[in-house]
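Work through the following exercises with the sequence and the coordinates open side by side. Each task sentence is followed by a solution that goes step by step.

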Amino acid sequence: MSDEEDIILSELPDDELVLQMHDDLYDGLKEEIEEGVNILLGRDWAPYDVLTTALVGGMTVVGKDFRDGILFVPEVLLAANAMKGGMAILKPLLAATGAPRMGTMVIGTVKGDIHDIGKNLVGMMMEGAGFEVRDIGINNAVESYLEALDAGDVDILGMSALLTTTMPYMKVVIDTLVEKGIRDDYTVLVGGAPLNEEFGKAIGADAYCRDAAVAVETAKEFMARKHNALAAG
Amino acid sequence: MTTASANNPLKDMLDSRDWILADGATGTNLFNMGLSSGDAPELWNVDEPAKIRALYQGSVDAGSDLFLTNTFGGNASRLKLHAADGRVDELNRASAELGREVADKSDRKIIVAGSVGPTGEIMQPMGTLTYAGAVEMFHEQAEALKAGGVDVLWVETISAPEEFKAAAEAFAMVDMPWCGTMSFDTAGRTMMGVTSADMAELVGGIVPPPLAFGANCGVGASDLLRTVLGFSAQGADTPIISKGNAGIPKYVDGHIHYDGTPELMGEYAVLARDCGAKIIGGCCGTMPEHLRAMREALETQASGPRPSLDKIAEKLGGFSSGSDGTDGNAPEPRRTRRRG
């Protein structure tokens, strides 16, 4: 392997560079990702293409291996950190070029729950998939979810709970949305290790996502449905 | 090495018994007594002492030989959410004292184990929590539990090896014997990727060693027993702990209900013993009626041979993943890594 360490990113043609970036994301190499993003931009790639082809493409592989029990949280955090390095370069350019938006998600753990590792992973993977993520942190009472939704342009509400003592609070939030007549304005996704699909249905969520990769797939599905509904309507 | 562990009630019990029945759920029981979702159960150690006594008494009356204090979230990092991070000493001490009170008035020997849960933070380099910071938090909690009179410290539901080690180091600082369990909830491993074999190795390297180690919570009873089989396959001398959930959570009539029946948990207890566990209990969803069924099953049924995975699946239901990472059948990474 040692003779392969001398990869010069700038000497690779586009297609090989993209594949190399997928590998580097997988290995969580932040500096290499930042370098790769800058090289592609220097070759007149549109920021949106760099995002989707190089970063999202790479994170999709990471997500699949996470879903399948091949990668675990430490590796995914490293990969997400590398991706964030690339995103930091792309974000201002994406805003300036009016790139298409995938959708916006508000995400936070519910009241009483500090366990935000899964929530952070979902946030990072969603960003990796091109979504705008508004992370409202841990320990959110229903009021803070409402405030975040009120800020506008929100498509998806993501709630996470890891404890038996906090899981029912997700229902409190959903019930409040129903009372206020705004439940159907959002796709509500829930997650957390002890949850399951039936539980998600019982509390009135649109879907339970068993991990961050599934959350991304599910979010994309619901956004596609929403676009179709808008087109049809 | 430590004076504390030389003459310890749990050590004596482990030496003289074939199995020990631990307790069940804390959160699920407290919900049934009126705890609101999102509120800190630890505050009840001071605000609702009668209910915490009733929680402990419920385990004792159902036949538990050992119960954990209501201090799972009793570290500064978790209590901060409830603006109670300045009350670590008070809340843990109170919980331990209530436990002592219940245990000491029983006519059987009952062990009070001081529960210590995860900080909820990710450790460096991936996260922000330093090793020293974790040790400090666990140390503060351990001191208070010791002062309140627990027999043993008990760290549980851990996923990161560094956090487990930090707790062990804090426990050594207060010179208390300890036990530790991790939660294997992700394809048979902990969230951080630790397999049952990895944990057995980790535990083997910690000085002083725990009185017992094992698994708690996680996915369902079947997965938990697969993990226990993984521990015992390593041939460690340290006794093994098995504390599985009573099935999976469902939302019924406004509250959480775990779908495992007392009969199922009785089967689980006997199988756990056959898998090599010595301290057997439940976790989320395990109520006194489950503990009664577990005690009865352990007392009336003879030990059997080490069960196969098929037998476990047949009696308790299937597994959440095909492999737990110890059988050589774990899926391979789909990308080749081109860089070192």
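A residue is called buried if 20 or more other C-beta atoms lie within 10 Å of its own, exposed if 12 or fewer do, and partly exposed in between, with C-beta atoms placed from the backbone. Helices (H or I, at least four residues) and strands (E, at least two) are DSSP runs numbered from the N terminus. The model is predicted, so that local features need a pLDDT of at least 70 and side-chain atom pairs count only at pLDDT 80 or more, while totals for chains, interfaces and linings use all residues. Residues are numbered from 1 along each chain as its sequence is written, and chains are lettered from A and ligands numbered from 1 in the order in which they are written.

**Exercise 1. Determine how many residues of H11(B) are buried, and which elements of chain B they pack against.**

Step 1: Helix H11 of chain B covers residues 221-233, and its 13 residues reach 18 Å from the first C-alpha to the last. This is close to the expected 18 Å, the expected span being 1.5 Å times one less than the number of residues.

Step 2: Applying the burial criterion gives 11 buried residues of the 13, and the helix is mostly covered. Among them are Ala221(B), Leu225(B), Leu229(B) and Phe231(B).

Step 3: The buried residues of H11(B) pack against helices H10 (196-204), H12 (262-275) and H14, and against strands S6 (212-217), S7 (240-244) and S10 (277-282), of chain B. Contact here means that the C-beta atoms of two residues, placed from the backbone, lie within 7 Å.

Step 4: Just after H11(B), Gly235(B) takes a positive phi of about 70°.

**Exercise 2. Decide whether Ser308(B) is buried or exposed, and locate it in the chain.**

Step 1: Ser308(B) lies in the loop between helix H13 (288-300) and helix H14 (309-316) of chain B.

Step 2: Ser308(B) counts as exposed because it has 10 C-beta neighbours inside 10 Å.

Step 3: Ser308(B) and Leu229(B) are 79 residues apart along the chain, yet their C-alpha atoms are separated by 9.1 Å.

**Exercise 3. Describe how the domains of chain A meet, and what chain A brings to its contact with chain B.**

Step 1: Chain A is divided into domain 1 (9-97) and domain 2 (104-232), with bounds that come from an automatic or database domain assignment. Their centres, taken over C-alpha atoms, are separated by 25 Å.

Step 2: The contact between these domains takes 15 residues from domain 1 and 13 residues from domain 2 of chain A. On the side of domain 1, H3(A) gives the largest share, 9 residues.

Step 3: The contact between the chains takes 45 residues from chain A and 39 residues from chain B. The elements of chain A that give two or more residues to it are helices H1 (14-26), H3 (47-67), H4 (73-97), H7 (169-179) and H8 (197-202).

Step 4: The residues on the chain A side divide into 25 nonpolar, 10 polar and 10 charged, where Ala, Val, Leu, Ile, Met, Phe, Trp, Tyr, Cys and Pro count as nonpolar, Asp, Glu, Lys and Arg as charged, and the others, Gly among them, as polar.
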